[in-house]
Number of protein chains: 2
Amino acid sequence: MLTLEKIQAAKLKVAPFIYETPVIRLQGLDNLLHCNVSIKAENMQKTNSFKLRGALNKLLSMSVEQLQHGVVAASSGNHGKGVAFAAQLLNIPATIVLPDSAPSVKVEGIRALGARIVQCTLAERHQVTEALSLEHGYAIVHPYDDYDIMAGQGTVALEILEQFSQVSAIVVPIGGGGLLSGVATAVKSLAPHIKIIGVEPAVVPRYSKSIQVGKRLLLAEQQSLADALLTLQPGERNFPIVEKLVDDIVSVDEASILYGMKTLLLEGKILAEPSSAIGIGAALRGNLPITKNDHVCFLISGGNIGLNPLQRL
Amino acid sequence: MLTLEKIQAAKLKVAPFIYETPVIRLQGLDNLLHCNVSIKAENMQKTNSFKLRGALNKLLSMSVEQLQHGVVAASSGNHGKGVAFAAQLLNIPATIVLPDSAPSVKVEGIRALGARIVQCTLAERHQVTEALSLEHGYAIVHPYDDYDIMAGQGTVALEILEQFSQVSAIVVPIGGGGLLSGVATAVKSLAPHIKIIGVEPAVVPRYSKSIQVGKRLLLAEQQSLADALLTLQPGERNFPIVEKLVDDIVSVDEASILYGMKTLLLEGKILAEPSSAIGIGAALRGNLPITKNDHVCFLISGGNIGLNPLQRL
């Protein structure tokens with residue numbers, strides 16, 4: 001089970017190794033986004049994504065026996081970079097299974113942290129991970145469907161509550177749901193009046209659809225600018241938490257994701273990856289259940305984007 | 001004369017119309033820049049530059065008679081945008097004299113604020129401004145050589161001191177010296193232990209050279225990535241203040257300016273114009289008189305940069 005206490009314990013465990021990233025007020029975006037805009041800048045986190053929090057909490061919670069042969073993780077990139085960082089810290093080998101489509105800045109970032117990289121199709125990544133685990137005895141570090149991972153990701157919400165007392169809504173990008181379930185558990189335990197809004201790509205609306213029918217649907221593989229949010233099915237442990245605690249799920253089309261990223265960069269002066277600007281895109285279109293008086297914290301989950309994709313803007 | 005009291009009075013005057021921009025801690029840059037890195041994000045200011053502060057203070061200090069025929073200002077772009085904003089607020093006409101080389105994002109920004117634009121060569125801009133003033137009765141709003149302008153720019157230092165109690169050094173880009181003289185006057189009055197470091201392009205080292213010989217040298221016209229810092233001679237009213245109060249002047253070559261901007265964007269996740277990243281470039285090369293223990297505030301003076309120059313990175 002995921003509890004506030006687990007998230008608070010995770011915070012003590014990971015705090016020495018991460019940055020307390022800033023909450024930044026972006027007044028210049030207020031009129032465009034129809035609310036009082038702040039961001040939690042996890043694009044400025046070590047490894048440039050919140051994923052480090054969960055990876056560290058997981059590896060620091062595992063036994064020496066579990067870790068003795070090393071770890072393996074399937075990832076679109078950011079979780080892999082977090083696991084690679086945590087494995088380097090503990091001096092154990094890490095293998096990261098990435099889709100062929102992973103952005104080169106993520107591949108290079110993982111390699112620079114000393115991890116081995118295996119690439120395959122997006123659909124194959126969990127099978128390849130399991131095969132590597134069986135063959136070499138590596139412990140699997142799941143990107144989201146794991147309570148220690150969720151507890152680690154939830155630590156970002158404890159920071160938001162400390163740094164930004166006025167916050168009335170938090171907008172969270174959804175892949176598998178690890179970040180969203182961690183944030184929702186922390187916030188609804190401590191400050192249940194704060195609205196939690198999940199945002200996912202319209203091309204893979206697995207949470208919107210699954211909540212409609214009350215069970216975890218598996219969608220077909222799609223392409224999206226939001227390369228970090230392509231998970232095709234809600235996590236087994238994440239789904240009930242999201243279903244119970246999250247106020248709204250909003251899906252965002254590709255043009256709005258791009259518009260969000262450009263606006264955050266050119267008007268907000270903040271560089272984020274497309275997956276992280278998805279909430280900005282939704283707000284630009286007036287598609288979030290927020291009002292002009294809301295103090296909204298957009299969780300900018302990552303900033304792993306290179307010059308090449310920027311030059312294609 | 002420029003005094004702390006004038007800067008404090010300017011703050012009361014301009015505060016209702018500007019943003020209190022954030023001071024942002026960028027821990028991810030500490031190792032690269034060899035100090036504890038924070039920025040004062042005036043790239044997030046209304047009009048996307050600190051220049052609004054001086055322009056507002058100047059126009060709000062002028063009499064109805066002085067303003068009756070409108071204003072004219074020579075500018076590389078940011079001062080013009082500030083003047084255009086202030087003129088729009090007061091409902092008076094503004095004419096902005098820009099060099100032919102002004103970045104299109106600055107030209108468009110000024111036009112969008114309803115000002116008339118006149119373009120000429122960089123060297124001609126002050127003569128053209130004077131001719132327009134004579135012909136039409138426009139009041140000249142000088143970009144830096146004016147105590148009301150300097151007092152307005154100095155308000156940014158009052159904010160830094162309030163927001164960032166640990167600060168031990170402030171790094172300030174230099175064009176004509178309006179920002180630097182305002183910041184130095186405020187800081188040396190209130191907290192003289194804080195080091196003030198000016199940074200200027202190595203291709204036009206007018207302050208370094210002028211301080212060496214003890215008088216205001218006029219240098220030859222040059223090109224630089226730092227389009228906002230091309231002034232060829234220290235301001236008459238600015239020079240004695242800078243000479244007396246500023247601890248160090250550092251000049252920065254073109255490659256380091258570009259490196260600073262790229263690093264601030266890709267590692268720091270902050271978009272600034274090249275002129276504003278000049279201090280980051282100097283720190284990357286180890287050329288600032290700071291130590292690892294210093295808490296350095298880099299004044300990011302502006303963020304008026306479009307997608308095209310970004311795509312040439």
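Mentor: An axis is a line fitted to C-alpha atoms, for helices over the stretch in contact, and angles run from 0 to 180 degrees between N-to-C directions. Helices (H or I, at least four residues) and strands (E, at least two) are DSSP runs, numbered from the N terminus. This is a predicted model, where local features need pLDDT of at least 70, side-chain atom pairs count only at pLDDT 80 or more, and totals for chains, interfaces and linings use all residues. Residues are numbered from 1 along each chain as its sequence is written, chains are lettered from A and ligands numbered from 1 in the order written, and side-chain values use heavy atoms, without hydrogens and water.

Trainee: Why is helix 1 of chain A called roughly perpendicular to helix 3 of chain A?

Mentor: Helix 1 (residues 4-14) and helix 3 (residues 51-61) of chain A cross at roughly 90 degrees, their axes coming within 9 Å. Angles under 35 degrees are roughly parallel, over 145 roughly antiparallel, 65 to 115 roughly perpendicular, the rest oblique. That makes the two helices of chain A roughly perpendicular.

Trainee: Which residues of helix 1 and helix 3 of chain A meet?

Mentor: A:Ala10, A:Lys13 and A:Val14 of helix 1 meet A:Arg53, A:Leu56, A:Asn57, A:Leu60 and A:Ser61 of helix 3 (contact: heavy atoms within 4.5 Å). They divide into 4 nonpolar, 2 polar and 2 charged.

Trainee: Why is A:Glu159 with A:Lys40 called a salt bridge?

Mentor: The rule asks for a side-chain nitrogen of Lys or Arg within 4 Å of a carboxyl oxygen of Asp or Glu. Here the closest N and O atoms are 2.7 Å apart, so the pair qualifies. A:Glu159 is in helix 8 (residues 147-163) and A:Lys40 in strand 2 (residues 36-41) of chain A, 119 residues apart. Over all chains, the structure holds 26 salt bridges.

Trainee: How many salt bridges cross the interface of chain A and chain B?

Mentor: The rule finds 0 there. Yet 25 residues of chain A are in contact with 25 residues of chain B.

Terms used:
Ala, Val, Leu, Ile, Met, Phe, Trp, Tyr, Cys and Pro count as nonpolar, Asp, Glu, Lys and Arg as charged, and the others, Gly among them, as polar.
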